[in-house]
Amino acid sequence: MKITGLECWQEKMKLAEPYTIAYETIDTTTNVFMRIDTDRSPSGFGCAAPDLEVTGETGETVMTAFRDIIEPYLLGKAPFTYALILDELKTLLHGQPAALTMVDMALFDLIGKKTQEPVYRLLGGYRDAIPTSVTVGILPVQETLERAKAFMQQGFFILKVKGGTDVDEDVERIMKLREMVGPDMEIRFDANQGYSVKEAVYFMHQIRSAKIELLEQPTKREEDHLLKQVSRQVSVPVMADESLMGLADVFHLTANNSTDMINIKLMKAGGIMEGIRINAVAMAANVETMVGCMDESAMGISAGLHFALARPNILYADLDGHFDLIDDPFAAMVRCEKGVLYPSDRPGFGWEGK
C-alpha cells in the first residue's frame, strides 16, 4: 500500500459560548484537516488544532507545512512504515507539533481501516469508555454556579474550573461551587500559569474543605522549580500542563519530582506515537496521566480518546474541546452520554466521509 494523494484544508469554527482563561478569551478556533489517499482504497484523516500561544502555530503555518514538507514527503510512502515516517517528519517539522499530530492521526486512521479495527483496539484496547471533565471558564461567581448547574443537569460529574487572575475570587467560586454541587461532584482547578507559589499555596489552604481533585499548572511553565515548590506544600496532586510539550519535558519533570501528574495533549506532543512515549516515562515514574485537548474538532478529540482508552495508567480525561463548537463537520465521531465519552467502533477513528 502506497500513499498516492493528499488534501489539506482549514475550518474556522465559532464557539457557542466564548470562554476566558488566565491569559486570553477564546471565541473561535481554527482546525486544519488532512486526507491521505492510497492505491488500495482506504483513506486516512487527520486534524491539527494549532494555537499560537501554546504550540506556536497558526492555521496558515500548518497549511504551509503541508505544502512545503508534508505532501512532498508523504507521496509514495508506505503507511505501515509509520515509525520511520513520523521519526523523520519530527525533524522536518521541528517546532510544529500540531502539524505532526495531523499526520500521525491520519496514519493511525489509515492503518486502523486497513486492519478493520478501531484505533483504541489497535493500540491495546484497555477500556472502551472514559469519563471526561467539562470546563467552566473564568466567570463571576453567580455565572460560575449557573454554568455548573447546567452541566450537572446534562449528567456531567467532573467539573474543571478555570482561574488564575484573582485568587480571592477563585477561592469564593470554588467554595460556593462545592456548597452547591455537594460532595459527589469532582472539581478540578486549572490556574493556567496565573499564580505565584505564594498565591497557589494560599488558594489551596483556603479551599481545603472543598476537597478538589487536582490543581493544574498553577505557575509559569518556564519555571519547573516553582511547580515543585507548590507540590511540596499542598496535599492535593499538582498537574503539569503548559510545562509539558514533549518527551524531554516529561523526563525532566518526573526526574526532578516537579509534578504529581501530567496532562498529555496530542497537539502539543506531536501525536499518538509521541504520546505513547511520554506516557511510558510517566508510568515508569509512577506519575498519573490525564489526556487533555485544545479547542479541537471531534476528529482531534477522537484521537485523544482512542489514545486514552488504550493505556492502563491514563486515569483522567479532559476531552471537552469539541462540545461548544458550532458546525463541527466531524461531530458524530465521538459520543458523550452523561459525562462519559465513547469512541466509534468503526475502523480507524470512525470517519468515512470526504
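What volume does the largest cavity have? In this predicted model, the largest cavity has a volume of about 50 Å³.

## The cavities

The structure holds 2 cavities of 30 Å³ or more. The largest cavity is lined by Leu 86, Asp 87, Lys 90, Leu 100, Asp 104, Gly 270, Met 273, Glu 274 and Arg 277. By class, this lining comprises 3 nonpolar, 1 polar and 5 charged residues. Helices α2 (82-92), α3 and α11 (272-284) each provide at least two of the lining residues. Because domain 1 (3-116) and domain 2 (121-343) both give residues to the lining, the largest cavity lies between them.

The second largest cavity contains about 30 Å³ of space. Its lining consists of Leu 266, Gly 292, Cys 293, Glu 296, Gly 300, Ile 301, Gly 304 and Leu 319. Helix α12 (residues 298-309) gives the most to this lining, with 3 residues. The lining of the second largest cavity divides into 4 nonpolar, 3 polar and 1 charged residues.

## The second largest pocket

The second largest pocket has a volume of about 270 Å³. Of the 16 residues that line this pocket, Lys 90, His 94, Gly 95, Pro 97 and Ala 269 are the closest to its centre. The lining has 7 nonpolar, 6 polar and 3 charged residues.

At least two lining residues come from each of α3 (97-115), α9 (247-255) and α10 (266-269). Domain 1 (3-116) and domain 2 (121-343) each contribute at least three residues to the lining of the second largest pocket.

## The annotated positions

An unreviewed UniProt entry gives the annotation "binding site" to Asp 190, Glu 216 and Asp 241. Although these residues are spread over 52 residues of sequence, they cluster in space, with a largest C-alpha distance of 9.3 Å.

Glu 216 lies in strand β8 (residues 214-216), whereas Asp 241 is found in the loop between β9 (238-240) and α9. Are these two residues buried or exposed? Glu 216 counts as buried because its relative accessibility is 0%, and Asp 241 counts as buried because its relative accessibility is 1%; the cut-off for buried is under 20%. Leaving aside neighbours within four places in sequence, the contacts of Glu 216 include Lys 160, Asp 190, Asp 241 and Asn 263.

Terms used
Residues numbered from 1 in each chain as written. Predicted model: local features only at pLDDT ≥ 70, side-chain atom pairs only at ≥ 80, totals over all residues. Heavy atoms only, no water. 1 Å grid on protein atoms, 1.4 Å probe; cavity = no way out; pocket = protein on both sides within 12 Å on 5 of 7 lines; lining within 4 Å. Points joined across faces, edges and corners; volume = space filled by probe spheres on them. Helix = DSSP H or I, 4+ residues; strand = E, 2+ residues; numbered from the N terminus. Nonpolar A, V, L, I, M, F, W, Y, C, P; charged D, E, K, R; others polar. Domains from an automatic or database assignment. UniProt positions renumbered as here; feature names shortened; annotations may be inferred. Buried < 20%, exposed > 50% of the residue type's maximum accessible area, 1.4 Å probe, protein only. Contact = heavy atoms within 4.5 Å.
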